[in-house]
Amino acid sequence: MAASGVALTPARKRLRRRERGLGYLLLIPSLLVFGVFVFWPLVHNAYLGFYRNPPFPGLPSTYVGFDQYKDVLTSQTFVDSVKTTFLFAVLTVPVGIAAGLALAILAHQQLKGIGIYRTFFSSTVATSVAVAAVIFGTLMNPSVGLLPWLGLTTNPTVLQNPDWALIAVAVVTVWQTLGLTFILMASGLQGVPDELYEAARVDGAGPWSRFWHVTLPMMSPTIFFAVVIGTIFAFQSFGQIDILTQGGPLKKTNVLTYFIYDTLQRQSDPGKAAVLAVALFLLTLILALAQIWLLERRVSYER
Amino acid sequence: MSADVAPLPAAHVPAADARAAETRALHRRKVWGKVGRYALLTVLAIIVLFPIYITIVNSLLKPVDITSRPPKLFPTDPQFGSYQDAWNAGHMGTYLKNSFIVTFLITVGQVLTAILAGYAFAFLQFPFKRVLFVVFLATLMVPFEVTIVTNVSTISDLGLYNSYAGLAVPFLATGFGAFLMRQAFLTLPHELRDAAALDGYGHWRFLWRVAVPLARPAVAALTVFAFLAAWNQYLWPLLITKDDELRTVQIGLKQLQQTSIDQINITFAGAIIAVVPLVILLLFFQKQLVRGLTAGAVKG
């Protein structure tokens, strides 16, 4: 800033103005999309929640203030749905990360042909939620599926069993995300310097102690990232539930996203669906912030 | 050293004998350890791969053979007709085409908007830049599922219900993409811009001729990432399409499963058809995907 005291020449001023204009111009496409499809829905959802759907189609919806919020958010169905959503995250995230980390550690050794195993373990990244659900739905099918034949079944059959349906959907989810988790953990492991293991070995640390004192602390940023992203993913799970259980049996797999979809599409009740959407937004927001706050303090970033 | 030891026959020295036995035992243990590790890796690989393997096998069996017990684990007489049926009668050909079109639109749109926004945040000075950057990051905190109630009616109001545009428009920009490109552009030395300016390069020319080519790894990572996410979309296509003519692969697969319970081999063939494009993509671009994935995990 040598010229700080000196007035800008008209040419420089023009250049500045043009840079400013260009800056906004480049942001406009993104801002347009965000404005219409991200931020406006947040405002509009909150507003929609004030209007109750008419009892018969064709009639105007009525303004009810916070009544609908109160009704929906205190209903047993909503409370159960939130519980199911949390339970689903608890069933999928820790198991998925543990499995991905275990495979990554096993595949992180000097062995001939280990590359093939890495490819195998990351293979489910090519599947989608829908593909996984269709494959497993057939495998679990009581009349044609292989799993019942192997004795892996319950009575009533897994996907129609209130005690087992959510677990079954969780298993499908863990399998489908395993490739992704594996890739993430494997690349995290590559960042751990080999000298640390050497040093630990020289100090007489066994494999178990090396895992606890070297791998886990060094991997904590990756694991932290996986927990946060995994939880957000879990809260957004929809396809596997739509294909496998449609929220049933007895609403035991009625996670919030499915509840919103069901309310919006099948019950054609945008007001109620909007209230649920507001709740989902606040829930994920609080959860993400809480996780970041909680985990940031325990993660070691020293490298 | 070995020359010194060689004249002494090992068998005549008890200490050397014991040592040799010890080495042999150690060697044996190492071999067994190796075998054990391979065995463990193989068992785990089989567990992970089995659902995909059995899907391929079942897609090639006759429906009666799929239900035979014990199950057939190898297609001795492969029937490729199921793929033909899934493609034509099951409309998988149409669904695949739709998925490609929509995925292409979304990927191109996302990469373009991310390059533009990323450049603005990295190379230009303008008022409210920080605030606007926070706005971009804030979009990451809004799950798409939250917005569907309003977005379905917005798309209908715009006359885009049941159209390719309706499927693609909400995803033409992401905070993640802009963030990724900004980070990539920030690693470019600033003198580069000054030097280019001396050569008479305006911002626009500098962006496309210098900055984007140098940030190619990030562009590739974002492209693969966007493609994967767009290809696998489920909820939005389910909400916004009503015709088979516009259904994407993921929704089509669900449809296929519901219509052909008695021809289950066709469902399996459909699942494989839905996976093949991604397998091809990932075979070539796995490195880019890993980079895209881990971009967020690296300490910022």
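Trainee: What makes H1(A) and H7(B) roughly perpendicular to each other?
Mentor: Helix H1 (residues 10–48) of chain A and H7(B) pack at an angle of about 105°, their axes 8 Å apart. Axes are lines fitted to C-alpha atoms, for helices over the stretch in contact, and angles run from 0 to 180 degrees between N-to-C directions. Under 35 degrees is roughly parallel, over 145 roughly antiparallel, 65 to 115 roughly perpendicular, and the rest oblique. H1(A) and H7(B) are therefore roughly perpendicular.

Trainee: Which residues make the contact of H1(A) with H7(B)?
Mentor: From H1(A) come Val36(A), Phe37(A), Val38(A), Trp40(A), Pro41(A), His44(A), Asn45(A) and Leu48(A). H7(B) contributes Thr147(B), Val149(B), Thr150(B), Asn151(B) and Thr154(B). Two residues are in contact if their C-beta atoms, placed from the backbone, lie within 7 Å. The helices themselves are DSSP runs (H or I, at least four residues), numbered from the N terminus.

Trainee: How many residues of each class does that contact of H1(A) with H7(B) have?
Mentor: It has seven nonpolar, six polar and no charged residues. Ala, Val, Leu, Ile, Met, Phe, Trp, Tyr, Cys and Pro count as nonpolar; Asp, Glu, Lys and Arg as charged; the others, Gly among them, as polar.

Trainee: What sort of model is this, and which cut-offs apply?
Mentor: It is predicted: local features need pLDDT of at least 70, side-chain atom pairs count only at pLDDT 80 or more, and totals for chains, interfaces and linings use all residues. Residues are numbered from 1 along each chain as its sequence is written, with chains lettered from A and ligands numbered from 1 in the order in which they are written. The scores are ipTM 0.87 and pTM 0.87.

Trainee: What is the mean pLDDT of chain B?
Mentor: It is 88, and 92% of the residues of chain B reach 70 or more. pLDDT is the predictor's confidence in each residue, from 0 to 100. Over residues 1–8 of chain B it stays under 50. For that stretch the model has one contact beyond four places in sequence. Where pLDDT is low, the predicted coordinates should not be read in detail.

Trainee: How many residues of chain B are in contact with chain A?
Mentor: 64 residues of chain B are in contact with 74 residues of chain A. Several helices of chain B each supply at least two residues to that side, including H2 (14–59), H5 (92–123) and H15 (264–294). By class, the side of chain B that touches chain A has 43 nonpolar, 16 polar and five charged residues.

Trainee: Why is His91(B) called buried?
Mentor: His91(B) has 20 C-beta neighbours inside 10 Å. Buried takes 20 or more other C-beta atoms within 10 Å, exposed 12 or fewer, and partly exposed is in between; C-beta atoms are placed from the backbone. So His91(B) counts as buried. Its phi is near 60°, a positive value in a residue other than glycine. His91(B) sits in the loop between H4 and H5 of chain B.

Trainee: What makes Lys251(A) partly exposed?
Mentor: Lys251(A) has 18 other C-beta atoms within 10 Å, so it is partly exposed. Lys251(A) also has a positive phi, about 60°, although it is not a glycine. Its loop runs between helix H10 (239–244) and helix H11 (256–266) of chain A.

Trainee: Where is Pro70(B) found?
Mentor: Pro70(B) is in the loop between helix H3 (63–66) and helix H4 (81–87) of chain B. A cis peptide bond joins Arg69(B) and Pro70(B), with omega about -5°.
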